[in-house]
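Please work through the following exercises with the sequence and the model side by side. Each task is followed by a solution in steps.

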Amino acid sequence: MADVRSRLEQVVAEFADLDGREKLEMLVDYAAGLPPLPAAYEARKAAAEGRIHECQTPVFMWMESTLDGAASLVADVAPEAPTVKGFVAILAGAVAGRPAAEVADIPDDLIERLGLADVLGILRTRGLRAITARVKRGFGG
Amino acid sequence: MPEYAHPDVLVSTEWVAEHLTDPNVRIVESDEDRALYVQGHVPGAVEIDWQTDLQDPVQRDYIDREAFERLCADRGISDDTTVVFYGDKNNWWACYAFWVFKLYGHENCRIMNGGRKRWELDGRPWSTERVSYPRANYRAKEQDPAVRALRDEVLKHQKAGKQLLDVRSPEEYRGERMHMPDYPNEGAVRGGHIPGAVNVPWPMNCNDDGTFKTAKELEKLYIKELKMKRRSPTIAYCRIGERSSLTWFVLKYLLGFGNVRNYDGSWLEWGNCVRVPIAKGGEPGGSEAHLAAGPQVAAESTAVEAAEGRPEDAGTPTAGG
């Protein structure tokens, strides 16, 4: 099973030759693939637990690890924020089932590597950077 | 029942649906989240992004006249095209784009009342088609100083005690928060408001479905309760000038204020300026409000904090505000 680093390298390669519009389309595709929030988390979401306050639209994330140390990023992002939702889906896919220690390998400049900085502009990328930092911190990275 | 002062600037989703292929009409989407347009837009609509299209990439300003002409030509917009703006979040960014088009003197601008939300609620179709139009000819006018207020003009306006509107959240206005709720710390080293400014948070202009409140409701708020005068010069501001472009639109076109400008530098400029007056708390405060602390003290402490860099103030919002 590929590790976090190589999974993300694969995503970066996927984005590499796309123009701005195609990159946004790719994010929309990823957003559609984010699994719905498990029912067990609905009450926690209702209590505003897991809310990422750096993001303007409601974003909820829980960084979970199983007993054997496998990471799972459980998230819920409002449908009116497909950019954030797609980005969270990329991170969730990268860490799923991997040892939590590997989460530290998520590059801090992932947004630049994906070529999203120019497409989104500086103000929007700050929110995504905050999400990356939160995920890494949440898994002790 | 009072009518809007310029009802023609507002069009319904129905009007837009009937003009999707009208060659004299260009529909423009402006969003906080650009991927929304990609996910589905009004059929035939082009996108103009407030950040990557309308802002100069180097200095803090709008694109210059030539770049604006290129942008319009590229989107198939001519000088005489009727441009209809719509978007997410109660048409925030749509109003902002509308305002930039007015800055360059574009005559026929409209807002689709209710934006994306109303289009969705009305059950109208979304399109994912790539949209392009033949290149148009566009000649922009010089920037119109009647719609934009720069810092020194705001300072004069404030000293003269003229109408000032702060459209941010009450917490930002009082100086308890240096960012809007959910947009932490977007880089102002001082909190509070411009002395004399009254606080009317921008959502008070809108209904839950994203449409604007009625003329009667808006008149009650601005004219009856706040005693604002339509003939009096007015300046609106927020943090980066986009929420206040919505209020600017409301005052100018829906209520018929004769002289209203948007201060796009807004709190992100004012709250970082040395020796400009600031009032804290829930009261507007007069021009004397800042003198208690003394301008010299304020200037020095601002410089110290800036030098320290305060990483927690670096800012982490998703978008502007």
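The exercises below treat confidence, helix packing and a contact between domains.

This is a predicted model, in which local features need pLDDT of at least 70 and side-chain atom pairs count only at pLDDT 80 or more, while totals for chains, interfaces and linings use all residues. Residues are numbered from 1 along each chain as its sequence is written, and chains are lettered from A and ligands numbered from 1 in the order in which they are written.

**Exercise 1.** Determine where in chain A confidence is lowest and where it is highest.

Solution. Then turn to the elements, where α7(A) has the lowest confidence, at a mean of 87, and helix α1 (residues 4-16) of chain A the highest, at 97.

**Exercise 2.** Describe how helix α4 (residues 82-95) of chain A packs against helix α7 (residues 122-138) of chain A.

Solution. First, the geometry: the two helices (DSSP runs of H or I, at least four residues, numbered from the N terminus) pack at an angle of about 30°, with their axes 11 Å apart. Axes are lines fitted to C-alpha atoms over the stretch in contact, and angles run from 0 to 180 degrees between N-to-C directions. Second, the class: α4(A) and α7(A) are therefore roughly parallel, since angles under 35 degrees count as such, over 145 as roughly antiparallel, 65 to 115 as roughly perpendicular and the rest as oblique. Third, the residues in contact (C-beta atoms, placed from the backbone, within 7 Å) include A:Phe87 and A:Leu91 of α4(A) and A:Leu128 and A:Ile131 of α7(A).

**Exercise 3.** Work out which helix supplies the largest share of the side of domain 1 of chain B that touches domain 2 of chain B, and how that helix, α4(B), packs against α9(B).

Solution. The domain assignment, which is automatic or from a database, gives domain 1 (7-121) and domain 2 (151-312). In chain B, 18 residues of domain 1 are in contact with 13 residues of domain 2. The largest share of the domain 1 side, 6 residues, comes from α4(B). Finally, α4(B) and helix α9 (residues 243-254) of chain B pack at about 70°, with their axes 8 Å apart, and are therefore roughly perpendicular to each other. Among the residues making this contact are B:Trp92 and B:Trp99 of α4(B) and B:Trp248 and B:Phe249 of α9(B).

Technical notes: Contact = placed C-beta atoms within 7 Å. pLDDT = per-residue confidence, 0-100.
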